[in-house]
Amino acid sequence: ALIIPPINAYSFFCKGLKGHLEQSGHDTLVCKPVGLFSSHTKAATQLEGYILSNNLRNCKVIGLGSGAFLPLLMSYKGRDRVSSLITVEAPFGGRGHFLVPFFPSLFELRSKTNLLSAVREQARTFANIHCIFFDEKDRLGRHDDIQFSESGVYQLPNSKALCECLDHLL
């Protein structure tokens with residue numbers, strides 16, 4: 001499994017989740033986020049380069065928060081190497097941030113941006129995608145979407161229910 005943290009978070013948020021998946025027998029990598037000053041499109045290009053340079057195939061990707069958008073924004077070369085995508089609390093419905101004017105990655109997450117439209121459209125065509133959501137506005141609308149009552153992408157590494165759900169989906 002390849003864990004992609006939110007574009008504006010550090011990979012230490014994923015250490016607990018990575019540890020759990022490895023204990024369950026899943027080979028797991030954590031992709032380093034590019035940061036607040038980057039766009040999601042640039043981050044997707046970097047993710048695609050990472051997947052290609054490491055010759056990853058049939059990759060099962062877990063995208064946390066806005067990190068879930070990156071596999072959907074890659075070109076076909078990268079997307080063809082992703083066998084399944086699990087989105088966890090991806091902001092498909094958009095987010096309102098008070099720091100929006102200063103950070104491109106947050107500016108792109110406003111509810112009616114071209115980025116969100118493109119991501120939602122690509123998600124509809126992605127063959128093997130599972131959406132784990134907390135807020136109804138972030139639901140993809142597929143029959144197998146999974147709603148959790150606990151929320152907060154920063155609390156996820158400590159969520160036993162999420163870890164069990166991911167074990168089942170992987």
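Biologist: Which residues does Phe69 touch, leaving out those up to four places away in sequence?
Modeller: Phe69 touches His40, Ala90, Pro91 and Phe92, and also Leu109, Leu115, Leu116 and Val119, where contact means heavy atoms within 4.5 Å. This is a predicted model, in which local features need pLDDT of at least 70 and side-chain atom pairs 80 or more, while totals for chains, interfaces and linings use all residues. Residues are numbered from 1 along each chain as its sequence is written, and side-chain values use heavy atoms, without hydrogens or water.

Biologist: And which residues have the most contacts inside the largest nonpolar core?
Modeller: Phe69 is one of them, together with Leu2, Leu47 and Phe92, in a core of 29 residues. Such a core joins buried Ala, Val, Leu, Ile, Met, Phe, Trp, Tyr and Cys through side-chain atoms within 4.5 Å; buried means under 20% relative accessible area, exposed over 50% and partly exposed in between, with a 1.4 Å probe and protein chains only.

Biologist: Which elements give two or more residues to this core?
Modeller: The strands β1 (2–4), β3 (59–64), β4 (82–88) and β5 (129–133) do, and so do the helices α2 (40–53), α3 (69–73) and α6 (114–125). Apart from this core lies another, of 17 residues, including Leu21, Ile132, Phe148 and Leu162.

Biologist: Stepping back, how many helices and strands are there in the protein?
Modeller: The protein has 7 helices and 6 strands, which are DSSP runs numbered from the N terminus (H or I, at least four residues; E, at least two). Along the sequence they follow the pattern β-α-β-α-β-α-α-β-α-α-β-β-α.

Biologist: Where do α1 and α7 meet?
Modeller: Leu17, His20 and Leu21 in α1 meet Cys163, Glu164, Leu166 and Asp167 in α7.

Biologist: What share of the protein is buried?
Modeller: Of its 170 residues, 48% are buried.
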